Amino acid sequence: MTTYLFRRLLQAIPTVFGVTLISFLIMQAAPGDPVQIMTFSPTFTAEDRVRLAHELCLDRSLVEQYVVWLVGDLRGECQMRGIFRGDFGESFFERRPVLELFLERVPATLELTAVALLIGGTIGLFVGVLSAVKRATLFDNIARLFSVLFDALPQFWFGLLLIMLFSVQLGWLPVGGRFPLNKPDITLLDRARYLAMPSFVLAISWIALMSRFMRAETLEVIRQDYVRTAWAKGLEPSKVYFKHAARNALVPIVTILGPAITSLITGAVVIERIFSWPGMGRLTVDAVSSRDYPIVMGSVIFGSLVVILGNLLSDFLLVAVDPRIRLQ
Amino acid sequence: MSVQNLPIMSRQEALLKLAEEGRLEALREGAPLSFWQMALRRLRRDRLTMAALLVLLLITLLSVGARFISSQVLGVDPDLTEIAATFKPPSAEHWLGTDALGRDQLARLLFGGRISLAIGFFGTIFTAVFGITIGMTAAYFGRRVDDFIMWVINTLDSIPQLFLLLIVGALFELSPAALTLLFALLGWPFISRLVRSSVFSLKEREYISAAHALGMSDGAIMWRHIVPNVIPLVIIATARRVGNLILAESALSFLGFGVQPPTSTWGTMLTKAQQFILVPDARHLVVAPGVMIALTVLCLFIIGDGLRDAMDPRLN
């Protein structure tokens with residue numbers, strides 16, 4: 001077990017290295033000189049620019065710049081400490097450390113994705129198991145139709161339609177934001193009202209994936225002997241389906257956890273934009289628009305780390321639930 | 001069940017499977033049907049897929065004939081702005097109303113479909129070509145080349161694609177053709193992974209050894225015996241890709257980093273629509289482009305699933 005985990009961890013190292021390389025190279029290829037962007041105002045002199053370039057180690061060779069960006073300047077001439085030591089540089093426009101900006105925004109994204117995962121997981125699980133149990137009935141067909149439809153709907157459009165209906169037309173829910181800005185004490189209900197639409201929109205693709213997955217897995221499981229035994233013992237249908245069948249059907253879900261995490265953080269980028277949700281996604285989109293390179297590079301690495309960790313977690317859980325894999 | 005986990009099946013095995021399913025008569029009547037004829041036959045019996053194909057064909061024809069339809073049938077110019085006629089509701093003159101600049105919504109919708117569909121189709125084809133070539137290269141050369149390609153694949157797979165699309169889209173202002181290529185450049189890894197692993201297992205088959213023994217060159221074996229066996233797998237794996245690319249393009253354009261105005265795509269039309277979401281007269285603008293995206297993608301997904309079922313007898 002430990003050997004396997006260790007080997008998987010080792011395998012992640014070249015991947016992390018590759019991610020840093022790609023994001024560094026894209027930024028190098030990007031038009032526009034960072035120093036020019038930062039010193040756009042006419043109060044800066046040519047000497048200022050040279051000094052700034054030196055401080056940021058931008059006057060070195062490409063390879064040296066990359067190394068400095070990764071591990072910091074070992075000669076101590078410029079102030080960069082390197083991303084491996086948590087220094088993602090400073091935002092061009094906000095003039096604050098990128099990591100600080102990230103940490104400010106993470107809770108909002110975490111809140112959104114966690115609630116979406118919960119909504120999607122619960123609905124998907126129940127619909128999937130029921131679909132399998134009631135195979136080829138009206139319920140099953142409708143559920144399957146919705147699972148394809150939820151995949152085909154552009155999330156941002158679905159979000160717009162919900163805003164039009166619930167915010168503009170009916171006035172029940174706020175158009176966007178995370179909580180009311182002009183209210184002194186914010187209740188849980190306030191938060192739920194703001195969270196309702198974005199988290200549901202983010203959840204739909206997860207509902208689709210989860211219900212399809214649970215349906216297929218449950219169909220496999222309910223044919224097995226132990227389920228027949230459960231019936232023979234005289235258990236109620238709900239106990240047989242949700243306690244005995246669904247539990248085992250859930251085991252392989254760890255295999256789709258990785259892709260699910262990727263789709264959630266990707267989805268969050270679009271949804272945070274529509275609903276003005278102050279999370280990582282919006283920070284990224286805004287930074288891309290204003291060409292705030294340190295933030296952009298930071299978010300690529302941050303997003304990739306989440307994906308890599310998600311895949312690792314998925315592998316580890318799989319080993320934990322299925323001992324056969326260890327031997328391979 | 002993901003496609004990667006399925007065992008690899010040769011055409012002969014697939015044929016046998018098909019024959020077992022009561023289609024023996026087809027084999028007895030003279031010339032046996034090829035794998036593709038079998039798949040086509042199954043596809044034709046699948047009514048849902050055929051219906052989706054018909055709708056998609058209609059959407060494609062409407063988009064391809066956008067210029068003719070808008071000038072001859074609708075009698076409007078999609079780029080003609082009319083300040084006096086902004087946000088008009090649907091009428092006899094403008095079937096789907098007009099937008100913020102007084103342009104005919106239906107005509108723009110038809111033209112928008114061209115770009116979206118083209119990006120989806122060509123993006124997928126390029127993705128498949130890159131994926132097959134790179135995957136076969138990895139499996140064929142093995143060792144260092146394989147290690148390097150796997151490293152690139154793992155790396156690209158770890159970066160959320162939307163992030164890369166956003167960045168490249170924002171920094172370089174892409175034309176629709178460049179965007180198509182970008183989708184392919186980012187999308188090939190999953191096909192390569194699949195092709196690579198199936199080539200590894202196909203290489204060990206007896207008929208490949210037989211071909212070697214008969215003196216066939218490596219290149220000829222690849223082309224004649226390996227590629228035909230890999231193609232069905234690739235089609236199954238990419239079946240939903242076209243729809244996914246159309247969704248990705250629309251999301252990217254919606255965020256403002258995809259296709260740039262004045263070229264209209266369904267995604268850019270929605271960006272405009274969102275800006276006027278609080279204008280009561282402008283609400284109709286939100287509906288149509290979204291319906292077109294959803295309908296097209298839905299058809300493509302149904303066709304994709306139908307293709308998969310038709311080519312993969314194990315699933316039935």
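Is A:Ser276 buried, exposed or partly exposed, and how many other C-beta atoms lie within 10 Å? A:Ser276 is partly exposed, because it has 14 other C-beta atoms within 10 Å, and a residue needs 20 or more to be buried and 12 or fewer to be exposed. Keep in mind that this is a predicted model.

**A:Ser276 and its loop**
- You'll find A:Ser276 in chain A, in the loop that links helix H11 (254–274) to helix H12 (280–290).
- Its backbone is worth a look: A:Ser276 isn't a glycine, yet its phi is positive, at about 45°.
- For background, most residues other than glycine have a negative phi.

**Helix H5 of chain B**
- H5(B) covers residues 105–141, which makes 37 residues.
- At 1.5 Å a residue it should span 54 Å, and its end C-alpha atoms sit 53 Å apart, so the two figures agree.
- H5(B) is mostly covered, with 26 of its 37 residues buried.

**Where chain B touches chain A**
- On the chain B side, 34 residues are in contact with 39 residues of chain A.
- Elements giving two or more residues to that side of chain B are helices H6 (143–158), H7 (161–172), H12 (241–255), H13 (266–275) and H14 (284–311) of chain B.
- H14(B) gives the largest share of that side, eight residues.
- By type, the chain B side splits into 26 nonpolar residues, seven polar and one charged.

How values were computed: Residues are numbered from 1 along each chain as its sequence is written. Chains are lettered from A and ligands numbered from 1 in the order in which they are written. This is a predicted model: local features need pLDDT of at least 70, side-chain atom pairs count only at pLDDT 80 or more; totals for chains, interfaces and linings use all residues. Two residues are in contact if their C-beta atoms, placed from the backbone, lie within 7 Å. Helices (H or I, at least four residues) and strands (E, at least two) are DSSP runs, numbered from the N terminus. Ala, Val, Leu, Ile, Met, Phe, Trp, Tyr, Cys and Pro count as nonpolar, Asp, Glu, Lys and Arg as charged, and the others, Gly among them, as polar. The expected span of a helix is 1.5 Å times one less than its number of residues.
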